[in-house]
There are 2 protein chains.
Amino acid sequence: MQLLLTGLRYFEEVARQGSLRKAADRLHVAASAVNRQILKLEDELGVALFERLPRGLRLSPAGELMLAQVRRWQHDERQLLETLGDIRGTGCAEIRIAAVESLTDQVLPELLGRFGERFPRVRFALHTGLTEDILERVATGEADIGICMNPPPIRRIRFIEAVELGFGVVVAPSHPLAAASEVRLSECRDYPAILPDAEMFRGSTLERVLAQSDIELTPLAGCNRILAIKSLARAGLGVAFLNALDVARELAHGELVFRPLRNPRVEGARLVLCSAADRSLPMAAEVLVEELSVAIRALAPRG
Amino acid sequence: MQLLLTGLRYFEEVARQGSLRKAADRLHVAASAVNRQILKLEDELGVALFERLPRGLRLSPAGELMLAQVRRWQHDERQLLETLGDIRGTGCAEIRIAAVESLTDQVLPELLGRFGERFPRVRFALHTGLTEDILERVATGEADIGICMNPPPIRRIRFIEAVELGFGVVVAPSHPLAAASEVRLSECRDYPAILPDAEMFRGSTLERVLAQSDIELTPLAGCNRILAIKSLARAGLGVAFLNALDVARELAHGELVFRPLRNPRVEGARLVLCSAADRSLPMAAEVLVEELSVAIRALAPRG
DNA sequence: TCATTCTGTTGCCAAAACGGCAACAAAAGT
DNA sequence: ACTTTTGTTGCCGTTTTGGCAACAGAATGA
C-alpha cells in the first residue's frame, strides 16, 4: 500500500543512493522506469531535482527541498498506516464517551478497564458534563456514546437503554434523618440543604420533585460538582438530594447513608444510554454499548 | 501537477461533498471513476473510510483520521509547489554564503541589496567565520559561495577570483604613527599592539608578516572579532594590523587611518572568492558569483 | 592506450491502470 | 405510484507504466 505517487518513492531512493541503477535495484524495477519517473517529476515541476554528474545523480537545491518534504510525507504515511492497521478489526482507534458525573466515579472506570483487555489498542475520550451538553455532543457527532439523566425525546438521538435509579436524600450517618428508613420531603425543611447550582438544577430530578410540592428548602450551598455536594454532606453540614448511583462508593464505605424519598411519588432519576440516531457506530463502540447496556440494567434497585 | 495519489484528491472532495456524484462533478470526472478510487483505497487500507448512507457517504472514524492527514498533505503540497515555482528561473531559493568578517561590514550588504532587486525571491544565508571554517563549509556543500583570506590550495575547492588587499597598520588619527605615510614594522614596537586572538592569528597575514622578521610586538589585547580590534584602535589604545578592506568605512569617516607597511615586503592579504570544485552552482548563485568577482576586482588598491 | 565498467537515456512493446458510458438496485422525496 | 438521487458494476477504449535491449559518454583498470 502506498499513498504517495510512486515517483516520489523512486525519487527518495535515488536521492539516497545517488544513482539510478542502484536505486532501481533496491526498488526491484528497471532503471529506465525509475529514470522516467524522475524525468517526469522534473518536467512537471519545471525544476531540476538532480544535477547529472558523470558518476551519478546529486540533489539540486530544489531537490533538497523536495527530499525533505517527501521524507516527512513518508513518515506521516507510515504512521497513518499503522493507526489504520489498529483500527482494522476494531473499527476505530478512539471511542468518545460523554457521560454524567455519576458514572465517572465507579461504573465507567471498572467497565472501561475490562473493555481495555478485550481491545487493547482502543483509546477513550471521556467527557463528563450535564445532560444538555451530552445530548448536544452525541447529536453533533462529537461523542459516540452518551449517558445522561432524564433526556427529553430528540429525533436525532437513539435511546438504547434506560434504568430508574432510586432518588432520595443523602446525609452523614450521624445526621438525624439517618434514623428513618424513608424520608418525607417536608422533614428536610428543618435542615440546611446542599443543592446543585442553577445550571445543574435545571432539568434535574430534584427540580421536578420540588415542582410537585410547595416545600421550601433552606439552601446552605449550591455546587456545580456532585463531588462537592457529597463532601459537604459527608461533613454533616446538611442534607443532599441525589440518586443512589451518585453515592454508591460512599455507601459501601459507610461514609454516607441514602434514604429514599417516600413522597411525593415521582419517577425520579432515569439514567439513559444513547447514541446518534443516524450514525452506525464502529464495531468496538458497538461492543462497548452492549456492555454498557448490561451494566446499566444491573443498576436497577434490587427488588 | 500533483504529488499525491489522485485517489486522495478524490477522497478529499468526496469527504467535503458527502456525495460521490457531487464530488465527481467538481472533479470533472465520471462518478464511477471516483467510486473506484474510493473502493480501491478502502480495499488496500483494509478499512472503511466512509459509512454508506442512503443519502450519500459519511466519514467513518478511520476516514476522519485519513482526511485530516490528506488535508495536511495538500497544504504541504501547495506550499512546496509554490517554493519550487520560485526556484524555477533562479535555480534556488536560498544562496548560502560563507565569508570573512571584513566583507560583512560593507561590501556584501551593498552587493546583496542590488542582487535582491534582480532576484527578489532569492534569500540568503550569510555565515561569517574564519578561512578554515569557510573552506570547510564550501567543501562539504554547506555553503554555495565562500570568500576567505589566503586559502591554502585544496583540490575540492575551485578558486574563482582573488585580489591583493593592502596590508598595514591601523591607528587613531591622533596616534603618532598617523603622521608618516608609510610605516616600518620596527616602529610599531614602541606602541601597544591590538592583536587577533590565537585562533584568528593562525594562518593570518599578520602571522606571515611577523614570521619574516624578528620584531617582538608588545601586545595589549587579543580579540576574536575585527570589530573589537577596530574599536580599541579607534579609542587610541594602540596599533592594529589589518587590511584596507577591514577599515573601509572608518577610513571614509575619518575615524581611523591606514598606513601600509613598508617592510618587510610581503604579499599580504589575498581575498579569494571560491566555490566547490565538483558542484555546479544554481543559476542565481552563478550570477551572484559573477557580481562578486567584479566587486572583488574593484577592491584592488588604486595604482 | 585500450578495454572494461560504470553512468543516464531512449525506442519499442506488452501489461496494467484509469476513466467514460450505460445500466442496475435501492432508498427518499413528491 | 412516480421521479429523483444514491452507490455500484460490466464493458471498452485510452493512457500510463514498466521491462528489455541498445546507445553514448565518462571514469576506471590493466
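Me: What makes a residue count as surrounding DNA strand D, and which are closest?
Reply: 21 residues surround DNA strand D, with A:Val29, A:Ser32, A:Pro54, B:Leu20 and B:Ser32 the closest. A residue is near if its C-beta atom, placed from the backbone, lies within 6 Å of the strand, so that's the test here. It's a predicted model, where local features need pLDDT of at least 70 and side-chain atom pairs count only at 80 or more, while totals for chains, interfaces and linings use all residues. Numbering starts from 1 along each chain as its sequence is written, with chains lettered from A and ligands numbered from 1 in the order written.

Me: Which element gives the most to the surface near DNA strand D?
Reply: That's α3(B), with five residues. Helices are DSSP runs of H or I, at least four residues, and strands are runs of E, at least two, both numbered from the N terminus.

Me: How do you know that β3 and β5 of chain B pair?
Reply: DSSP has to find at least two bridges between two strands. Strands β3 (residues 94-99) and β5 (residues 145-149) of chain B have three, in the parallel sense, so they pair. In one of the bridges, B:Ala99 partners B:Ile147 of β5(B).

Me: Why are β4 and β6 of chain B at the edges?
Reply: The open sheet runs β4-β3-β5-β12-β6 (chain B), with mixed pairing. β4 (123-128) and β6 (157-165) of chain B each have a single partner strand, so one side of each lacks a neighbour in the sheet.
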